[in-house]
Amino acid sequence: MSETFVKNRVSIVTPVLNGENYLSRMLDSVLEQSYRELEMILVDGGSTDGTLALAESYRGRFEKNGIKYCVDTGGGSAAVGLSRGFSFVTGEFLIWPDGDDVLEKESVEKRVKFLQEHPDYQCVRSLGYYVLEETGERTRADERRGDLANENLFFPILNSETYVCCGCYMFRTERFFEIYPERKIPDSIVGQNLQMLLPFLYRYPCPTIQEELYRVYVRMGSSSRAPRTEEQEWKRCEELQKLIDTLAGICQITDRREKQLIECGKARIRFGVEMKYGKKWRAAGTVIFMVVNGGITVQEFVEKTAYIFFGNLISRVKTKWWKGEKDAK
């Protein structure tokens, strides 16, 4: 029996850990939204600073604005925090921005409007942009945008050809909980966004509103940018591949060709770590694996082979040659 969700309400679920110095800007951006049918669900992952006190200080402001407000303290990792937060979700639509980022004023409204006007779509995403924490100046994005006209995003996300930037996506809640009826996503040391996105985007196309409606702050002290040892990198690589297998199982993928492409997606992850730590022959074997399984184009084969044996410079020259571009003299 399907659940009933409050029509037009947007549930915002945000896990946070030690966010005393930055959580205010996210909460302020929610309060400043042009769209008002909201509920804000914060899940603390065990903060040791003043995060909880800060969160509680906002309760009156949210209630004054008629926005349902919940602060839960049972979180751990970001994935566990989201799962905890899902138990409080009542809205027709779901978003899950990070606690250190900002929703632009019309971010929620424009995405809701799109889904209301296009009832056949179960999700939509906007663009995001990146700024430096220290100065607020724009900086280079962590992820590629990819083909913004493409609505079939499962493999582009798997292969890091487009972005997983969490605050850019909006789902219809009922469809999401059909995938996760217990309202829990798999936990992982590699984060939470693949669990959110891959099973959903395997089932449903996702169009892109080509407007920058989400601001990402680049903080050098954030967990995603913390330096890792080689051992930690290999552990992360292994865990990411295991997670992909878990998500493929949730998707119930049986098509042989799709299974091959998923194996090639896992190989791309290995390739990145192999090259980072100078395992050139292992990287070459990984490229051959992708060629045999049809998960790499001839152009990409040329690029990766050049990168393995000659480095970035020759790789760029090969790419220009392939595209028929003339090198500037």
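K64 is found in helix α3, which covers residues 59-64; helices here are DSSP runs of H or I with at least four residues, strands are runs of E with at least two, and both are numbered from the N terminus. The model is a predicted one, in which local features need pLDDT of at least 70 and side-chain atom pairs count only at pLDDT 80 or more, while totals for chains, interfaces and linings use all residues. Residues are numbered from 1 along each chain as its sequence is written, and side-chain values use heavy atoms, with hydrogens and water left out.

Is K64 buried or exposed? With a relative accessible area of 76%, K64 is exposed; the word applies over 50%, whereas buried means under 20% and partly exposed lies in between, for a 1.4 Å probe and protein chains only. K64 and L158 are 94 residues apart in sequence, and their C-alpha atoms are 42 Å apart in space.

Helix α1 (residues 23-31) presents another case. Seven of its nine residues are buried, so α1 is largely enclosed by the rest of the structure. The buried residues of α1 are L23, R25, M26, L27, S29, V30 and L31.

L82 has its place in helix α4 (residues 78-86). L82 is buried, with a relative accessible area of 0%. Which residues does L82 contact, leaving aside its neighbours within four places in sequence? They are V13, P15, W96, I185, Q192 and M196, where contact means heavy atoms within 4.5 Å. The C-alpha atoms of L82 and D187 are separated by 9.8 Å, and these two residues are 105 residues apart along the chain.

E233 belongs to helix α9 (residues 230-251). Its relative accessible area is 10%, and E233 is therefore buried. Not counting residues up to four places away in sequence, E233 touches R228, V273, K276 and Y277.

R268 lies in helix α10 (residues 256-276). R268 counts as buried, at 17% relative accessibility. Residues up to four places away in sequence aside, R268 touches N159, E161, M290, G295, I296, E300 and K304. Between the C-alpha atoms of R268 and E104 the separation is 34 Å, and the two are 164 residues apart along the chain.

The next topic is the packing of helices. Two packed helices are described by the angle between their axes and the distance between the axes. The axes of helix α8 (residues 193-203) and α9 come within 10 Å and cross at roughly 35°; these axes are lines fitted to C-alpha atoms, for helices over the stretch in contact, and angles run from 0 to 180 degrees between N-to-C directions. The crossing of α8 and α9 is right-handed, a term for a near helix turned clockwise from the far one by less than a right angle, with anticlockwise giving left-handed. On the α8 side, the contact is made by L194, Q195, L198, P199, Y202 and R203, and on the α9 side by L240, L243, L247, I250 and C251. These residues divide into nine nonpolar, one polar and one charged; Ala, Val, Leu, Ile, Met, Phe, Trp, Tyr, Cys and Pro count as nonpolar, Asp, Glu, Lys and Arg as charged, and the others, Gly among them, as polar.

Backbone angles draw attention to two residues. N8, in strand β1 (residues 6-16), has a phi near 75°, a positive value in a residue other than glycine. N8 counts as partly exposed, at 25% relative accessibility. S160 lies in the loop between α6 (154-158) and β8 (169-172). Its phi is positive, about 60°, although S160 is not a glycine. S160 is partly exposed, with a relative accessible area of 49%.

The structure holds one cavity of 30 Å³ or more; on a 1 Å grid over the protein atoms alone, a cavity is a set of points where a 1.4 Å probe fits but cannot get out, a pocket is an open set with protein on both sides within 12 Å along at least five of seven lines, and lining residues have an atom within 4 Å of a point. The largest cavity has a volume of about 80 Å³, and its lining consists of G128, Y130, A141, E143, R144, R145, Y163 and C165. A volume is the space filled by probe spheres set on the points, which are joined across faces, edges and corners.
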